[in-house]
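Here is a short report on contacts, salt bridges and helix packing. Look at the structure first, then read on.

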Amino acid sequence: MIIGITGTPGTGKTSASALIGGVLDLNELIKDGGLYRGIDEARDSLVADMDAVYDRVCGIADVRDGNLVIEGHLSHHVSDSAIVLRLAPDELEKRLMARGYSGAKISENALAEAVDVILVEALDWCDKVYEIDTTGKTVEEVADAIQGILDAIGRGIKIDGYEPGSVDWLESEASCLVNFDYDR
Ligand code: ADP
Ligand code: MN
């Protein structure tokens, strides 16, 4: 089975995955493997060839004992199960600012997080979806939560506390604090 650790850019996928170990970085695979169709100049990002990505990931999963865990904001497109990392939009905004993202890119991602874009996509694409609210959690705590879910999946047992839909930013003031203005 392929398990994807996904979430809006900046939610902490790569940081938490580094503590877990053995997690395949999907963005790196796309870049190094040339699995893209072009470059999105406006977004300064690669346009992934998702059919090629799917074939490559399945090829890696096929020769592996046990589950393959991949991470990246596209991972839920090629996974059987998805673990979606969530972060309050106002916190996400601060992180992306610190990363030096443009105002447009920050707004796009904070808005996507506020209205559950990746969660909805994951529910569409994957058989099973888990959701972790990382707000106020350290990288270690997030990694522990992910590991707990991976262990439960590995043992085929149910785990409580990560039901999809448990996070709702529109009901919290976290999304109202964000200035979704593309022109700043
Ligand atoms: P992603 O891979 O989801 O885009 P990263 O793991 O690259 O996110 O993290 C984005 C930024 O947020 C980095 O600067 C990282 O140090 C920081 N960060 C990640 N997880 C946490 C956390 N739990 N608490 C505080 N800062 C974090
Ligand atoms: Mn990352």
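Thr-134 is buried, with a relative accessibility of 1%. The model is predicted. Thr-134 sits in the loop between strand E7 (128–133) and H7. Setting aside residues up to four places away in sequence, Thr-134 touches Thr-11, Leu-85, Arg-86, Leu-87 and Val-142. Two of these names come back below. Val-142 is one of the H7 residues that meet H1. Arg-86 is part of a network of salt bridges.

**Helix packing**

Helix H1 (residues 13–20) packs on helix H7 (residues 139–155) at an angle of about 65°. Their axes are 8 Å apart. H1 and H7 are therefore roughly perpendicular to each other. Their crossing is right-handed. On the H1 side, the residues are Ser-15, Ala-16, Leu-19 and Ile-20. On the H7 side, they are Val-139, Glu-140, Val-142, Ala-143, Ile-146, Gln-147 and Leu-150. By class, the contact of H1 with H7 has 8 nonpolar, 2 polar and 1 charged residues.

How are H4 and H5 oriented to each other? They pack at an angle of about 155°, with axes 9 Å apart. That angle is over 145 degrees, so H4 and H5 are roughly antiparallel. The crossing of H4 and H5 is right-handed. H4 contributes Pro-89, Leu-92, Glu-93, Leu-96 and Met-97 to the contact. H5 contributes Ile-106, Asn-109, Ala-110, Glu-113 and Ala-114. The residues of this contact divide into 7 nonpolar, 1 polar and 2 charged.

**Salt bridges**

A search of the whole structure gives 7 salt bridges.

| Pair | Closest N and O atoms |
|---|---|
| Arg-43 and Asp-40 | 3.2 Å |
| Glu-108 and Arg-43 | 2.7 Å |
| Glu-91 and Lys-94 | 3.2 Å |

Arg-43 pairs with Asp-40 and with Glu-108. What does the pair of Glu-108 and Arg-43 tie together? Glu-108 lies in helix H5 (residues 103–114), while Arg-43 is in the loop between strand E3 (36–40) and strand E4 (45–48), so the pair ties together parts that are 65 residues apart in sequence. Arg-43 is partly exposed, at a relative accessible area of 40%. Glu-108 is partly exposed too, with a relative accessible area of 28%.

Glu-91 and Lys-94 make a local pair. Both lie in helix H4 (residues 89–98), 3 residues apart, which is about one turn of the helix. Glu-91 is partly exposed, with a relative accessible area of 31%.

Salt bridges also link Arg-86, Glu-113, Asp-116 and Glu-131 in a network. Several of its members turn up in other contacts. Glu-113 is among the H5 residues in the contact with H4. Arg-86 touches Thr-134. Glu-131 is in contact with Pro-164.

**Positive phi**

Asp-116 is not a glycine, yet has a positive phi of about 65°. This residue is found in the loop between H5 and helix H6 (117–125). Is Asp-116 buried or exposed? Its relative accessible area is 19%. The cut-off for buried is under 20%, so Asp-116 counts as buried.

Asp-44 is not a glycine either, and its phi is positive at about 55°. Asp-44 is in the loop between E3 and E4. With a relative accessible area of 65%, Asp-44 is exposed.

**H7 and the segment after it**

Ala-152 is in helix H7. At 5% relative accessibility, Ala-152 is buried. Leaving out residues up to four places away in sequence, Ala-152 touches Ile-157 and Ile-159.

Pro-164 lies in the segment after H7. Its relative accessibility of 35% makes Pro-164 partly exposed. Which residues does Pro-164 contact, leaving aside its neighbours within four places in sequence? They are Leu-119, Leu-123, Val-129 and Glu-131. Pro-164 and Lys-13 are 151 residues apart in sequence. In space, C-alpha to C-alpha, Pro-164 and Lys-13 are 17 Å apart.

Technical notes: Residues numbered from 1 in each chain as written. Chains lettered and ligands numbered in written order. Predicted model: local features only at pLDDT ≥ 70, side-chain atom pairs only at ≥ 80, totals over all residues. Heavy atoms only, no water. Salt bridge = Lys/Arg side-chain N within 4 Å of Asp/Glu carboxyl O. Buried < 20%, exposed > 50% of the residue type's maximum accessible area, 1.4 Å probe, protein only. Helix = DSSP H or I, 4+ residues; strand = E, 2+ residues; numbered from the N terminus. Axes fitted to C-alpha atoms, helices over the stretch in contact; angles between N-to-C directions. Parallel < 35°, antiparallel > 145°, perpendicular 65-115°, else oblique. Left-handed = near helix turned anticlockwise from the far one by under 90°. Contact = heavy atoms within 4.5 Å. Nonpolar A, V, L, I, M, F, W, Y, C, P; charged D, E, K, R; others polar.
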